[in-house]
Amino acid sequence: MSDADFDKPLLGVVSTWNTVTPCNLHLGGLAEAALSAARSSGVAALSFTTIAVSDGIAMGHEGMRASLVSREVIADSVELMVIGEGFDGLVTIAGCDKSLPAMLMVAARTDVPSVFVYGGSSEPGHYRGQEISALNPFEAVGAFAAGEITAAELREIELAACPGPGSCAGMYTANSMASVAEALGLALPGSAGPSATSARRFEIARSSGEVASRLLREGGPTPRQILTKQAFENAIAVACALGGSTNVVLHLLAIAAEARVSLELDDIARVSKRTPQIANLRPAGHYLMPDLDRAGGVPAVMRELLSANLLHPEPITVTGRTVGENLQDVAPVQSGQDVLRALTDARTLQNGLTVLRGSLAPEGAVMKTAHLGRLSHRGPARVFESEEDAMTAIVGLRVQPGDVIVIRNEGPRGGPGMREMLAPTAAIQGSGLGKNVALVTDGRFSGGSFGLVVGHVAPEAAAGGPIAALRDGDLITIDAVAGVLDVALSETELKKRLEDWNPRPARYESGALAKYASLVGSAARGAICRPVDNGVR
């Protein structure tokens, strides 16, 4: 830095660059592009990095407990750098599932001028003439267990699924949150779509550095000026139109809490009910994120929603223009392609994300209903105390058609860390049980999970929620149309069982996971951490 730089605004360029995960391998180059552009635009700029946990690598074992916890650690670490180093603004760059919402959370928390940059999704892999993505190996495990494919075929799928850098290519959590960042107005229009290997990624990073510099010089708008209630409703609508991940619910609630915006599960349910799905994207459809980009990307989706008054045009964005102004020159959805459809030819009129309540989830639960053919199920509970126990039963073919698989003690506190159940849900699909069973958990799901699966059950088992009282054979009713998740037990019986219930011992007695378990709240409020009220403050 020169002496003159100390009289300029100071921009921090933070990325989750590392060589640990495919999602982040290339982010160092994007950070350099943003840094150089910011310096050329008249501000002082310095870069730093923070951690990132890959859900794909952490999936299905103890490591997944670290995933959601990493969201809080990333947000906390960037906040500490902003405070400690006196940064006046941020360019935040992320590539993995939890690093995306974490960067949006810290922008809202610090409220310094900020622009978010997504690292982009990977190109599709190819297996015997078909495009595949990171979800396919998980489904192949179930197919192998059911004897439908050989070990050699399973290995071939595994080797082909992730051909290079970038996040999982379907409308899973990373791409869902990148689309949400655009819809919220914290990322540049059109920035969610280009793949990780596209030259446009560097153009987006450079433009983001320039825009952040302008925001610094002009004093905003800042994230909390951008993140209004209407902006959150826009983000929900876009996620539903795309058939996005249930994790969007958890993360939007958390971002809203940081932005000091009142957002509830009922708001998400209300917007979802009026928003049809117009995208044909995996796992609920056939195409991948690069296909959406070629069909017009998130701007095309937003323009279609705006044309039907399903989007608020008034919220301001990082461009300095409103949502409506950003969409003025966006072309309508193209005819003759199957990736995006006009609202008049919507892929499905079902809610993309459905909130359930009832005797089994008094605070709420969430399921993805986008393009789901089966919207209800009633069957006996098969109760498992962990993901591993359930997985053993599924791959061992010990789950029967009609069962409701219940996986508990996987909530934010009980896990701790609210593990994703991609391995069990993918194994269910791969083994051919997807049309015959349901799954209910106080944990959560990967954006790649598909089927009649209900997560985020609150209160969780570790908090003494009704899910803690379930026994094998209890009849469970799931009704997405009515928004109901019930168990056929009387209030008296539930109360008696819970009086006899004792919480399980803490899995971790020290360290980050123990700290998280002591601070984390309900999934119905975003699984955010708040200081314990110990009477001191």
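Predicted model: local features only at pLDDT ≥ 70, side-chain atom pairs only at ≥ 80, totals over all residues.
1. Lys368 sits in strand β8, residues 361-368, and counts as buried because its relative accessibility is 8%, under the 20% cut-off. Its C-alpha atom is 9.4 Å from that of Ala480, which is 112 residues apart from Lys368 along the chain.

2. Next, have a look at Ser15, in strand β1 (residues 10-15). Ser15 is buried, at 1% relative accessible area. Its side chain reaches the backbone nitrogen of Trp17 at 3.3 Å. Further along the sequence, Ser15 touches residues including Leu27, Phe48, Ile93 and Met103.

3. Now the salt bridges: the structure holds 29. One of them pairs Asp55 with Lys98, with the closest N and O atoms 2.4 Å apart. Asp55 is in helix α2, while Lys98 is in the loop between β3 and α4, 43 residues apart. Asp55 counts as buried at 4% relative accessibility, and Lys98 does at 0%.

4. Arg65 and Glu410 also pair up, at 3.3 Å between the closest N and O atoms. They are 345 residues apart, with Arg65 in helix α3 and Glu410 in the loop between β10 and α17. Both are buried. They also belong to a salt-bridge network with Glu62, Glu387, Glu388 and Arg419.

5. Finally, Asp293 bridges to Arg200 at 2.7 Å. Asp293 lies in helix α13 and Arg200 in helix α8, so the pair ties together parts 93 residues apart in sequence. Asp293 counts as buried at 16% relative accessibility, whereas Arg200 is partly exposed at 35%.

Key: Residues numbered from 1 in each chain as written. Heavy atoms only, no water. Helix = DSSP H or I, 4+ residues; strand = E, 2+ residues; numbered from the N terminus. Buried < 20%, exposed > 50% of the residue type's maximum accessible area, 1.4 Å probe, protein only. Polar contact = N/O pair within 3.5 Å; in protein donor to acceptor, adjacent residues only side chain to side chain. Contact = heavy atoms within 4.5 Å. Salt bridge = Lys/Arg side-chain N within 4 Å of Asp/Glu carboxyl O. Lists of a residue's contacts leave out its neighbours within four places in sequence.
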